[in-house]
Amino acid sequence: MSTDPRIDAYIAKAAPFAQPILIHIRALIHRALPQAEETIKWSMPHFMLGGKNVAAMAAFKAHCALVIHGDGRQGQKDQGSMGQYGKIGTLADLPAEADLTANLSAAAERVQTVGTALKPRPAKTPKAAIGMPEAFAAALAQVPTAQAAFDAFAPSHRREYLEWIVEARRADTRDKRIAQAVEWIAEGKKRNWKYEGC
């Protein structure tokens, strides 16, 4: 059993009601997962296999929480609490040890075979290209420094200017935006330069 002294300290600092609960959960996790490694993440005790999160526990002012990563929220007693098992105020609030052991074993199998993610992230659909408005192209061409800077921008920064210009509903608004864009671009400024470093 690999233990972390920071978890000993975490339990020692917890409220008296929480200490036996945390000790029990910790021992149960190590019985279910003898190879579990302990650490502190996000200021909470975590239990990992191969560096991947399997479970976590936490103590609050009036209750404790147990999280089994990737186990969803089924059976959660209290939607306002962390973890699947609601607010744990006493040992009696925990499910049967056999149920917890089964859930921990299933979580361990998930992280060892497919990782902690239950579903792969969907591939991002590329955004549709925005055509260069003729008036903007002409304005850039008249200011070589602006044209060179625009061409050197990353595609995302060019897109920000193009979106800003084509979203103008009125011609006079579009013309003002083109003039402003050429001025900023000639100075090497990205569209949202005002917010950089905020």
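# Exercises on a predicted model

The side chains of R26 and D8 form a salt bridge, with 2.6 Å from N to O. This is a predicted model, in which local features need pLDDT of at least 70 and side-chain atom pairs count only at pLDDT 80 or more, while totals for chains, interfaces and linings use all residues. Residues are numbered from 1 along each chain as its sequence is written, and side-chain values use heavy atoms, with hydrogens and water left out.

## Exercise 1

Describe the salt bridge of R26 and D8, and state which network D8, R26 and E38 form.

Solution. 

1. The rule: a salt bridge is a side-chain nitrogen of Lys or Arg within 4 Å of a carboxyl oxygen of Asp or Glu. The N to O distance of R26 and D8 is 2.6 Å.
2. Helices (H or I, at least four residues) and strands (E, at least two) are DSSP runs, numbered from the N terminus.
3. Check accessibility: buried means under 20% relative accessible area, exposed over 50%, and partly exposed in between (1.4 Å probe, protein chains only). R26 has 11% and counts as buried, whereas D8 has 40% and is partly exposed.

## Exercise 2

Find the accessibility of the partners in the salt bridge of D172 and R170.

Solution. 

1. The side chains of D172 and R170 meet at 2.8 Å, N to O.
2. D172 is partly exposed at 34%.
3. R170 counts as exposed at 53%.

By the salt-bridge rule, the count comes to eight.

## Exercise 3

Which residues of α5 are buried, and what do they pack against?

Solution. 

1. A146, A149 and F150 are the buried residues of α5.
2. They lie on the same side of α5, because they cover an arc of only 100 degrees around the axis. The arc is that of the directions from the helix axis to the C-beta atoms.
3. The face turned away from this buried side carries the exposed residues P144 and A152.
4. The buried residues of α5 pack against α4, α6 and α7, where contact means heavy atoms within 4.5 Å.

## Exercise 4

Classify the ring pairs F136 with F150 and F153 with Y161.

Solution. 

1. The rule: rings of Phe, Tyr and Trp (its six-membered ring) pair if their centres lie within 6.5 Å; planes under 30 degrees apart count as stacked, over 60 as edge-to-face and the rest as tilted. The whole structure has five aromatic pairs.
2. F136 and F150 have ring centres 5.5 Å apart and planes at 80 degrees, so the pair is edge-to-face.
3. F136 is in helix α4 and F150 in helix α5, 14 residues apart. F136 is buried at 0%, and F150 at 4%.
4. F153 and Y161 are stacked, with 6.2 Å centre to centre and 5 degrees between the planes. F153 is buried at 11%, and Y161 at 0%.
5. Ring pairs link F136, F150, F153 and Y161 into a cluster.

## Exercise 5

How many residues has the largest nonpolar core, and which have the most contacts inside it?

Solution. 

1. The rule: a nonpolar core is a set of buried Ala, Val, Leu, Ile, Met, Phe, Trp, Tyr and Cys residues joined through side-chain atoms within 4.5 Å.
2. The largest has 34 residues, and L22, I29, L33, L66 and L104 have the most contacts inside it.
3. Helix α2 gives the largest share of this core, seven residues.
4. Another core lies apart from it and has 16 residues, including A149, A181, W184 and I185.
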